[in-house]
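Open the structure in your viewer and keep the selection panel at hand. This tour goes stop by stop, saying what to select and what is there.

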Amino acid sequence: MNDIWTNRLSEYLDGELDSAEQAALEAHLATCGACYATLGELKHVVARAKALPDTPPVKDLWAGIRAGITPAQAAVTARPPVRPSARRFAFSVPQLLAASIALALLSGGGVWIASRPQATKAPDTVLLPPSREAAVRQVVWTRNTDAAIADLQTALTQNETKLDTATVRIVRQNLAIIDRAITDARVALQKDPGNAYLNLHLADTMRRKVELLRRVNAMAART
Amino acid sequence: MPQQVLEDTLTADSIAADTALATSGDASAFERLYRTHVSRVHTLVRRMLDADEADDVTQDVFIRAWQKLSTFRGESAFGTWLHRLAVNVVLARRKSVGIARGRFVADDQPLNEAAGKPHTPELSMDFEEALSRLPEGARQVFVLHDVEGYRHEEIARMLGIVPGTSKSQLHHARMALRRHLDR
């Protein structure tokens, strides 16, 4: 089966033979069952390779990465391993609501702090700023996120009949709180468009709103 | 907007937001990026190198990504940028450990031995395991071409070989792996 054409089968499969070679190989395939069968197997190998799944590491690697990017704070902030799959929907509705309230309070406080003329200190989560170019990208991002939030809120309107009325009421109250925080951040940004912290703060608040809406919609879909 | 399209859009937007936040030093945003992309990076590293190196090299990839975030201009998706960075880290590791001996093989026999005896039930192994047993050169060419979608010219530049060698290695790898399709 190891004839001169066998070693050209991959090139044929990948479309890398010139037209004369391709015609010659196809003529050979018409008469050589072994090469024809091998070609079929190689096609399956290629298809299998493209379908190979990604798998997460056995252990969580974040603690080591965190230590690598913030060596001085590693001992204080290192956290126990968290499995990615367990993280995705790990929050209950009450937890989300509590988080959104806390977010709104922090948002208002953050805007107030950032808006003060003498305010210069960044929040604790901002560690080692490698660049200040993010603010520009945030403006672009918030436009897209506004549209995404509108779609999610439409979906929530359709889904809310699946949730109990108390939950819907609390969700909407807290979304309103977050909206006020977003509005405050935008107003502050109009006065100080170049404020990197405010840009980041707005993006983070909007992202958290998106996450809240997604999770509530997902919960409604599961009920 | 269909639900899947909406989900994809939100995911992309969320990654874009986290990338911007991480670029400005937000470690929490970077952790979210890590959790989104770690499976892809770790799998690439594990397939390209030995499995026992995968954790260390994956950590190195993300630490370098953090250090180089300021060079990410957004022309491509963050995942694409990170993936290319991971390939570069793997290739640098490959050079630094000096595993040049026997990297590329000239005929099928070593590949057949490395990937296991064909059609022997007691020695059967799955496709991933067979892939991991290929000689390094053939394995890296196969992963880069058939799994990751790079072209031979790109692979040749990355690995410091000629395109013909890349094609030859790919064919040898495929020939060895075809025996493990159904396991």
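**Stop 1: chain A as a whole.** Read from the N terminus, the elements run α-α-α-α-α-α-α-α-α-α. Chain A has 223 residues, and 29% of them count as buried. Now think about contacts between residues at least 6 apart in sequence: in chain A, 72% of these join residues at least 24 apart.

**Stop 2: confidence in chain A.** This is a predicted model, so colour by pLDDT before going further. Chain A averages 72, and 65% of its residues score at least 70. Which helix of chain A has the highest mean pLDDT, and which the lowest? Select residues 9-13 of chain A: this is helix α1, the highest, at 95. Then select residues 84-87 of chain A: this is helix α6, the lowest, at 38.

Move on to residues 118-132 of chain A. Here too the pLDDT is below 50, and the stretch has 27 contacts beyond near neighbours in sequence.

**Stop 3: confidence in chain B.** Switch to chain B. The average pLDDT of chain B is 82, with 78% of the residues at 70 or above. Select residues 104-109 of chain B. The pLDDT is below 50 there, and the model gives this stretch ten contacts beyond near neighbours in sequence. Next, take residues 115-124 of chain B. That stretch is also below 50, with 14 such contacts. For the model as a whole, the scores are ipTM 0.78 and pTM 0.59.

**Stop 4: helix α4 of chain B.** Select residues 78-96 of chain B. This helix has 19 residues. From first C-alpha to last it reaches 27 Å, close to the 27 Å expected at 1.5 Å a residue. Show side chains for F78(B), L82(B), A86(B), V87(B), V89(B), V90(B) and R94(B): they are buried. An α-helix has 3.6 residues a turn, so residues three or four places apart point the same way.

**Stop 5: a helix crossing in chain B.** Select α8 (residues 152-159) and α9 (residues 163-177) of chain B. Their axes come within 8 Å and cross at roughly 105°. That makes α8(B) roughly perpendicular to α9(B). On α8(B), pick H152(B), E153(B), I155(B) and A156(B); on α9(B), pick P163(B), S166(B) and K167(B). These residues make the contact. By class, three are nonpolar, two polar and two charged.

How values were computed:
Residues numbered from 1 in each chain as written. Chains lettered and ligands numbered in written order. Predicted model: local features only at pLDDT ≥ 70, side-chain atom pairs only at ≥ 80, totals over all residues. Helix = DSSP H or I, 4+ residues; strand = E, 2+ residues; numbered from the N terminus. Buried ≥ 20, exposed ≤ 12 C-beta atoms within 10 Å, placed from the backbone. Contact = placed C-beta atoms within 7 Å. pLDDT = per-residue confidence, 0-100. Axes fitted to C-alpha atoms, helices over the stretch in contact; angles between N-to-C directions. Parallel < 35°, antiparallel > 145°, perpendicular 65-115°, else oblique. Nonpolar A, V, L, I, M, F, W, Y, C, P; charged D, E, K, R; others polar. Expected span 1.5 Å × (residues − 1).
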